[in-house]
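Work through the following exercises with the sequence and the model open beside you, and try each task before reading its solution.

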Amino acid sequence: MAQKGNIGVTSENIFPVIKKFLYSDHEIFLRELISNAVDATQKLKTLSSVGEYKGELDDLKVEVLIDSKEGTLTIRDKGVGMTSEEIDRYINQIAFSGAEEFLEKYKDDANAIIGHFGLGFYSSFMVSKKVEIFTKSYKEDAQAMHWSCDGNPEYVLEACEKANRGTDIVLHIDEENKDFLENARIEGLLKKYCKFLPISIVLGKKKERKDGKEVETSEDNVINNINPAWTRKPSDLQEDDYKNFYQELYPYTSDPLFHIHLNVDYPFNLTGILYFPKVKSNLDLQRNKIQLYCNQVFVTDSVEGIVPDFLTLLHGVIDSPDIPLNVSRSYLQSDQNVKKISNHITKKVADSLNDIFKNNRLQFEEKWDSLRLFIVYGMLSDEKFYDRAKNFVLLKNVDGKYFTFEEYKQLIELNQKDKDDTLIYLYSNDAEAQHSYIEAAKNKGYDVLLLDGQLDVHWINQLEQKLEKTRFVRVDSDVVEKLILKADAEKVTFTDEQRSCLTTVFSSQLPKVEKTEFLVTFENLGSSAQPIVLTQNEFMRRMKDMTAVQGGGMMNFYGEMPDSFNLVINSAHPLIESVLEKEENSCQEKTSPLLVQIAELETRRSSLKESHKDKKDEEIPIPEKEEITQIDEKIAKLSADKKVILEAFAAEEKTVRQLIDLALLSNNMLKGEALAQFVKRSIEMIK
């Protein structure tokens with residue numbers, strides 16, 4: 001006789017909640033039902049192994065059957081099955097106190113509801129208008145039972161005929177979810193969630209092409225690999241096994257650099273294999289490649305709460321029964337097991353890298369260019385990882401040689417300390433563009449690092465804080481004589497007027513470059529140094545570089561500022577002295593009378609200002625105020641006349657533009673028409 005009743009839930013809202021609020025995650029119903037079927041099958045294997053079940057196990061598999069004509073999707077297992085009492089206990093009773101309050105609180109969180117109450121079976125109602133269970137327990141003389149429910153608290157439970165042990169869950173798919181009757185859709189979900197379950201998952205039969213058509217074979221179409229590499233002992237695996245598993249995870253990708261096999265059973269359970277991919281420059285492209293499993297059931301590939309942020313650049317699998325199958329973000333952030341797992345993974349990765357470095361440094365160096373972004377990112381984002389990584393992180397110089405922190409310090413500490421005993425690490429971020437600066441530094445006996453990674457500007461700031469009495473200086477940030485100041489610089493002997501004239505002469509011939517400013521400065525670099533050198537202030541350039549990497553916030557202030565270059569004129573160079581001599585010979589006769597007038601006007605202005613020093617503004621005679629205004633206008637006019645004379649000289653004196661262009665060329669800033677004009681001028685000057 002059929003038993004009728006109400007599902008034991010203290011609120012009738014459970015089905016509307018499942019239908020409405022779990023809808024966005026509705027595909028997980030298949031994961032839940034397959035997981036239940038696998039659990040039932042494994043329980044039978046356990047009972048058999050301890051002698052509580054003495055029958056034949058037969059071919060233990062979980063079948064997924066699609067009947068598009070009837071509109072049903074069936075999940076069939078040959079596991080322990082259920083008696084009528086077990087159906088009543090596990091299916092009919094969803095009793096819990098405070099149900100209404102709970103449903104209201106968690107109605108927007110599918111995982112919280114399912115995970116909290118083990119409602120995996122009821123996720124089937126997200127896609128079904130009716131669900132049936134046909135089940136027969138493994139117990140001797142058990143009566144097969146049929147349970148059905150059409151999506152409300154009322155159910156029917158009655159005896160039925162079923163030849164074989166196990167359970168069939170039959171879903172009558174509703175009109176809105178007919179895509180779950182498509183073979184390709186179901187196969188895609190099975191490969192996503194069930195690819196590595198420990199019991200074979202079968203979807204129909206394999207097909208092969210015959211006479212130009214696809215025909216079914218008699219062989220089961222097994223979706224999953226029941227014995228994936230991470231479930232096996234590391235001692236049982238060869239290098240090819242790890243590579244083959246990587247290709248199984250990420251088909252048609254390049255082989256990884258190397259791997260780390262995780263195998264922990266205390267104080268938590270954790271297995272898995274993490275791979276170091278050949279990291280590209282774009283961090284975001286590499287994320288969401290680690291797959292999280294719970295007892296071989298796929299959970300998610302968004303593992304930020306479990307794996308430290310910088311380790312999300314790795315690829316691979318982690319599996320832990322200590323992380324529930326259904327978890328919320330807030331759970332991941334607060335759970336102590338998750339935090340322990342995260343810390344362990346960080347330590348394991350650092351220890352493995354250190355072992356590779358110690359045991360095969362040559363291999364480590366060969367792979368360093370692909371590893372460095374990952375390691376630098378880790379050092380920047382995780383203090384504990386920095387402390388471990390500082391022993392194996394490498395610095396690479398422009399000659400392609402690798403050094404640990406300690407090795408590099410020993411290399412440069414004799415020659416690269418400044419007058420304040422600060423160790424100066426010279427570096428380039430573009431060896432080709434900064435070639436002339438690198439060569440100048442090498443000629444001084446200095447070594448130059450290559451720091452051309454997208455995170456290096458942040459890393460440099462970190463290292464300056466971590467390494468004692470250390471400063472990083474880009475090789476083009478100043479003239480080579482001032483990159484590492486050993487003593488006070490030689491004084492420039494030019495008078496203020498000579499500096500002023502040369503500033504006007506060279507400024508007038510500087511190119512107009514969008515969002516770029518040039519500042520003319522003077523240094524006594526010695527007669528053998530370059531006549532003009534283009535440099536960029538280390539602080540301002542570093543701030544702009546950091547803005548380019550992270551953007552937003554206060555850093556935008558630096559991002560909006562123009563690029564600023566110093567045009568450093570070497571006052572001791574013969575060519576500069578020659579330009580000054582020509583300027584004075586050509587312009588002095590015209591500029592001297594102007595300078596005399598300017599001097600007289602400035603004397604009169606100073607006298608007036610002096611007489612006004614102790615007076616309030618209203619006490620100063622208006623005629624004297626007007627005279628000062630007239631003096632300022634005359635000085636401006638005379639200065640403008642002087643500027644015209646000097647600019648006319650500069651335009652005719654080819655050496656001026658030639659020296660500027662040489663400096664620009666050394667900095668890879670001479671291009672297009674300006675470069676063509678330089679070449680043309682060079683030929684004319686050679687004739």
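**Exercise 1.** Describe the second largest pocket by its volume and its lining.

*Solution.* The volume of the second largest pocket is about 440 Å³, where a pocket is an open set of points on a 1 Å grid over the protein atoms alone, at which a 1.4 Å probe fits, with protein on both sides within 12 Å along at least five of seven lines. Its lining, meaning residues with an atom within 4 Å of a point, holds 23 residues, and S436, A440, Q530, I532 and V533 lie nearest the centre. Two or more lining residues come from each of α14 (435–443), α16 (480–483), β21 (532–536) and α22. Sorted by class, the lining has 15 nonpolar, five polar and three charged residues.

The model is predicted, so local features need pLDDT of at least 70 and side-chain atom pairs count only at pLDDT 80 or more, while totals for chains, interfaces and linings use all residues. Residues are numbered from 1 along each chain as its sequence is written, and side-chain values use heavy atoms, with hydrogens and water left out.

**Exercise 2.** Find which strands are tied together by the salt bridge between K205 and D220.

*Solution.* Begin with the pair itself: the closest N and O atoms of K205 and D220 are 2.7 Å apart, and a salt bridge requires a side-chain nitrogen of Lys or Arg within 4 Å of a carboxyl oxygen of Asp or Glu. Finally, consider exposure, for which buried means under 20% relative accessible area, exposed over 50%, and partly exposed in between (1.4 Å probe, protein chains only). K205 is partly exposed at 31%, whereas D220 is buried at 18%.

**Exercise 3.** How many salt bridges does the structure hold, and which residues are linked in a network?

*Solution.* The structure has 34 salt bridges, and a network of salt bridges links E27, D179, R185 and K192.

Conventions
Points joined across faces, edges and corners; volume = space filled by probe spheres on them. Helix = DSSP H or I, 4+ residues; strand = E, 2+ residues; numbered from the N terminus. Nonpolar A, V, L, I, M, F, W, Y, C, P; charged D, E, K, R; others polar.
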